[in-house]
Amino acid sequence: MPLKLIIAEDDGALRETLLTLLQIQFPDLCIDAVGDGSSLVSRVEADHYGLVLTDNQMPQLTGLDAIRTIRGFNGTIPIYLLTGDAVQKKAQEVGATGVL
């Protein structure tokens with residue numbers, strides 16, 4: 001079974017660019033994409049993803065809030081925060097695997 005990845009990014013153009021680049025580079029990867037933190041949490045809770053890539057500044061829930069919530073029910077899934085913000089330490093405190 002191929003790895004399932006979910007991307008959370010509120011900027012539609014950037015979300016589609018990330019999706020396209022990943023699909024080209026990793027054609028066997030199963031990729032879903034959402035536009036806000038609440039949708040991310042709902043999808044991760046309902047499905048079996050092997051990797052999460054999330055933006056920080058999103059509507060409804062920030063990436064940090066989404067990571068904190070996901071860690072409440074899944075402590076093992078790798079989660080990477082995609083951000084230009086200086087939030088690396090905070091991201092690690094809430095359970096992010098890393099910051100890109």
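Visitor: Quick one to start: what does Arg 43 count as, going by its relative accessibility?
Guide: Arg 43 counts as partly exposed, at 32% relative accessibility. Buried means under 20% relative accessible area, exposed means over 50%, and partly exposed is in between, with a 1.4 Å probe and protein chains only. Keep in mind that this is a predicted model, where local features need pLDDT of at least 70 and side-chain atom pairs count only at pLDDT 80 or more, while totals for chains, interfaces and linings use all residues. Residues are numbered from 1 along each chain as its sequence is written, and side-chain values use heavy atoms, with hydrogens and water left out.

Visitor: OK, and which residue forms a salt bridge with Arg 43?
Guide: That's Asp 32, with the closest N and O atoms 3.1 Å apart. A salt bridge here is a side-chain nitrogen of Lys or Arg within 4 Å of a carboxyl oxygen of Asp or Glu.

Visitor: Where do Asp 32 and Arg 43 lie?
Guide: Asp 32 lies in strand β2 (residues 30–34) and Arg 43 in helix α2, so the pair ties together parts that are eleven residues apart in sequence. Helices (H or I, at least four residues) and strands (E, at least two) are DSSP runs, numbered from the N terminus. Asp 32 is buried, with a relative accessible area of 18%.

Visitor: Why would side chains pair like that?
Guide: Side chains of opposite charge can pair when their charged atoms come close.

Visitor: How many salt bridges does the structure hold?
Guide: Three. One of them joins Lys 4 to Asp 47, the closest N and O atoms being 2.5 Å apart. Lys 4 lies in strand β1 (residues 4–8) and Asp 47 in the loop between α2 (37–46) and β3 (51–55), so this pair links parts that are 43 residues apart in sequence. Lys 4 is buried at 18% relative accessible area, and Asp 47 is partly exposed at 27%.

Visitor: And what about Arg 68, which residue does it bridge to?
Guide: Arg 68 pairs with Asp 65, and their closest N and O atoms are 2.9 Å apart. They sit three residues apart in helix α3 (residues 63–73), separated by about one helical turn. Arg 68 is partly exposed, with a relative accessible area of 39%, and Asp 65 is partly exposed too, at 29%.

Visitor: Let's go inside. How many residues does the largest nonpolar core have?
Guide: It has 20 residues, and those with the most contacts inside it are Ile 6, Leu 40, Val 44, Val 52, Ile 70 and Ile 77. A nonpolar core is a set of buried Ala, Val, Leu, Ile, Met, Phe, Trp, Tyr and Cys residues joined through side-chain atoms within 4.5 Å.

Visitor: Which element gives the largest share of this core?
Guide: α3 does, with four residues. A second, separate core of eight residues includes Leu 19, Leu 22, Leu 29 and Leu 82.

Visitor: What is Ile 77 in contact with?
Guide: Leaving aside neighbours within four places in sequence, Ile 77 is in contact with several residues, including Val 44, Val 52 and Ile 70. Contact means heavy atoms within 4.5 Å.

Visitor: At roughly what angle do the axes of α2 and α3 cross?
Guide: Roughly 20°, and the axes come within 9 Å. Axes are lines fitted to C-alpha atoms, for helices over the stretch in contact, with angles running from 0 to 180 degrees between N-to-C directions. That makes α2 roughly parallel to α3; angles under 35 degrees count as roughly parallel, over 145 as roughly antiparallel, 65 to 115 as roughly perpendicular and the rest as oblique.

Visitor: Which residues meet there?
Guide: In α2 they are Gly 37, Leu 40, Val 41, Val 44 and Glu 45, which meet Ala 66, Thr 69, Ile 70 and Phe 73 in α3.

Visitor: New topic: Gln 60. What is its phi near?
Guide: Near 70°, a positive value in a residue other than glycine. Most residues other than glycine have a negative phi. Gln 60 is in the loop between β3 and α3, and Gln 60 is exposed, with a relative accessible area of 63%.

Visitor: Last one: where does Asp 10 lie?
Guide: In the loop between β1 and α1. Asp 10 counts as partly exposed, at 35% relative accessibility. The C-alpha atoms of Asp 10 and Gly 37 are separated by 8.7 Å, though the two are 27 residues apart along the chain.
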